[in-house]
Amino acid sequence: MHGLFKWSSKWWPGVIPLVVLWGIAAWTSTATVEADLAARSNAALKDTVLDKRRISVDGRDVTFTANAFSEDGRLSAVASVEAVPGVRLVNDETRLVPEAKPYVWSAERDVVRVTLGGNAPLPSSKSKLTEAAKAGLGGVEVVDQMALARGAPQRFDPAALLLLDQIGKLKEGKITLTDNKVALAGMARELGGREAVAAALKNLPEGYSIAANDIKAPPYVFQAYKDPVAVTLTLTGYVPDNNVHAALVAAAGRKFFSEKVVDNLKASIGAPSGFAAAVVPALGALSRLSTGTLVVSDREVKLSGDALYDAAAGQIRDGLGKDFPQGWQYKAEVTVKPAAAPVDPTVCQQLFSEILSKGKIRFESGKADIVPDSAGLLDRLIETAMRCPNATIEVAGHTDSDGEEAANQALSERRAQAVVDYLVRAGLPANRFTPIGYGSTQPLAGNENEDGKAQNRRIEFVVK
């Protein structure tokens with residue numbers, strides 16, 4: 001017995017490392033098997049559509065956790081894992097993504113971002129909508145607050161993508177899809193944007209309809225700025241079409257006798273009714289200001305600036321809006337520029353000649369009625385007359401040679417008198433002005449062509 005104990009005391013210490021090595025081998029083998037089963041299980045699921053998928057392996061038993069988007073898809077995914085060679089048991093912890101009733105998706109835009117909310121049917125749908133928003137909205141921040149839910153209407157993706165495209169046409173607003181009903185609210189980014197959205201919505205997939213469309217157009221704005229330093233009239237904003245565009249530029253050219261017209265207008269739909277009928281007389285009022293701004297926003301006209309003298313300021317305030325179409329509103333914020341320094345008669349004559357070299361007082365054809373387009377020119381002449389209060393001024397009327405000499409003489413006298421009457425109504429003393437008609441006796445150019453005749457039809461101011 002003592003010998004047996006002595007012998008065993010020699011071999012059992014060697015068993016210990018063998019047991020350790022066996023344990024390490026067993027553990028390593030099991031870990032390798034588990035990793036292999038996990039990899040093959042995941043590979044078996046590569047074509048399935050799941051959310052929050054997770055595979056864990058204990059020995060040859062697999063625990064499968066995931067959110068599926070249909071019962072068939074869920075069962076098919078579990079079956080795919082069960083079919084992996086080497087899997088003994090699948091612990092099924094899958095479940096269906098919740099169903100949303102009603103099914104709501106939305107896209108909302110504010111000043112700095114677009115927020116995608118509500119539900120999307122699949123992860124691919126979420127990605128598609130998010131990427132489309134980032135690509136189509138020019139660097140605007142896109143916030144994804146969409147959840148995944150079952151129950152989306154058929155053709156959800158093309159419908160949502162089309163609606164998302166409309167968000168790019170809004171300055172701010174929200175588009176909501178509830179089941180297959182669409183509701184829109186907000187402000188279009190540009191004129192014509194509201195109409196562009198309405199046209200695009202006609203291409204919604206079959207079965208979809210518009211429940212509410214409250215997209216508003218931005219204000220229809222036309223602006224004109226008279227700059228006495230640059231001697232320009234700058235037109236910006238919108239006009240209804242090319243014909244109105246040309247008519248307004250031509251009217252500005254007639255009313256502003258010395259300013260260069262800078263035309264930055266663009267044609268766009270959405271003009272209020274009576275647009276041209278309001279803008280043309282408003283431009284006439286602006287032409288009487290030394291410096292000023294005209295802003296037409298929808299059916300509201302605002303004129304601000306400095307008149308050349310007191311009476312002109314009152315006339316402009318009282319007269320603005322008299323020729324506007326019904327329903328138009330107006331506001332005149334007109335002050336009077338400081339009076340310029342007096343000048344002697346010689347300088348006064350130079351100023352009159354300079355003004356009349358740039359523009360002509362115009363009359364109705366064959367009549368002594370001064371056309372409204374001449375108001376700005378006349379105001380400049382009146383301001384100059386106020387700067388030489390002691391000078392007497394001859395207002396001379398001239399015609400071309402067409403017609404009888406006596407008729408031309410009479411017409412020239414009436415036109416000279418009409419100008420003097422205008423000056424007196426502005427507050428100048430009548431005894432300072434002498435109207436004289438010269439008919440066609442003092443031509444500046446030949447009367448053989450229209451250009452020459454136009455030069456001969458004129459009013460001159462002669463300082464005595």
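Glu-141 counts as partly exposed at 41% relative accessibility, where buried means under 20% relative accessible area, exposed over 50%, and partly exposed in between (1.4 Å probe, protein chains only). Its side chain meets that of Arg-113 in a salt bridge, with an N to O distance of 3.5 Å; the term denotes a side-chain nitrogen of Lys or Arg within 4 Å of a carboxyl oxygen of Asp or Glu. The structure is a predicted model, in which local features need pLDDT of at least 70 and side-chain atom pairs count only at pLDDT 80 or more, while totals for chains, interfaces and linings use all residues. Residues are numbered from 1 along each chain as its sequence is written, and side-chain values use heavy atoms, with hydrogens and water left out.

**Salt bridges**

- A search of the whole structure finds 25 salt bridges.
- Glu-141 lies in strand β7 (residues 141-144) and Arg-113 in strand β6 (residues 113-120), so this pair ties together parts that are 28 residues apart in sequence. Helices (H or I, at least four residues) and strands (E, at least two) are DSSP runs, numbered from the N terminus.
- Arg-113 is partly exposed, its relative accessible area being 30%.
- Lys-337 and Glu-383 form a salt bridge in which the closest N and O atoms are 3.4 Å apart. Lys-337 lies in the loop between β17 (329-336) and α10 (345-358), and Glu-383 in helix α11 (residues 375-387), so the pair ties together parts that are 46 residues apart in sequence.
- Lys-337 is partly exposed at a relative accessible area of 22%, whereas Glu-383 is buried at 8%.
- Asp-402 forms a salt bridge with Lys-453, and the closest N and O atoms are 3.2 Å apart. Because Asp-402 lies in the loop between β18 (393-398) and α12 (405-425) and Lys-453 in helix α13 (residues 450-456), the pair ties together parts that are 51 residues apart in sequence.
- Asp-402 is partly exposed, with a relative accessible area of 38%, whereas Lys-453 counts as buried at 12% relative accessibility.
- A network of salt bridges links Arg-254, Lys-255, Arg-362 and Asp-373.

- Six residues of domain 1 are in contact with five residues of domain 2, contact meaning heavy atoms within 4.5 Å.
- About 430 Å² is buried between domain 1 and domain 2, and carbon and sulfur atoms give 77% of this area. Buried area is the accessible area (1.4 Å probe) that two parts lose on being put together, summed over both.
- Across this interface the rule finds zero salt bridges.

**Two buried residues**

- Ala-77 is found in helix α3 (residues 71-82) and is buried, with a relative accessible area of 1%.
- Not counting residues up to four places away in sequence, Ala-77 touches Leu-45, Thr-48, Leu-50 and Phe-64.
- The C-alpha atoms of Ala-77 and Lys-169 are separated by 42 Å, the two residues being 92 residues apart along the chain.
- Ser-374 has its place in the loop between α10 and α11 and is buried, with a relative accessible area of 2%.
- Leaving aside neighbours within four places in sequence, Ser-374 is in contact with Lys-360, Ile-361 and Arg-362.

**Backbone geometry**

- A cis peptide bond joins Lys-101 and Pro-102, with omega about -5 degrees. Pro-102 lies in the loop between β4 (95-96) and β5 (104-109).
- Lys-52 has a positive phi of about 55 degrees although it is not a glycine. Lys-52 lies in strand β1 (residues 50-58) and is exposed, with a relative accessible area of 63%.
- Asp-179, also not a glycine, has a positive phi of about 55 degrees. Asp-179 is placed in the loop between β9 (170-178) and β10 (181-188) and is partly exposed, with a relative accessible area of 33%.
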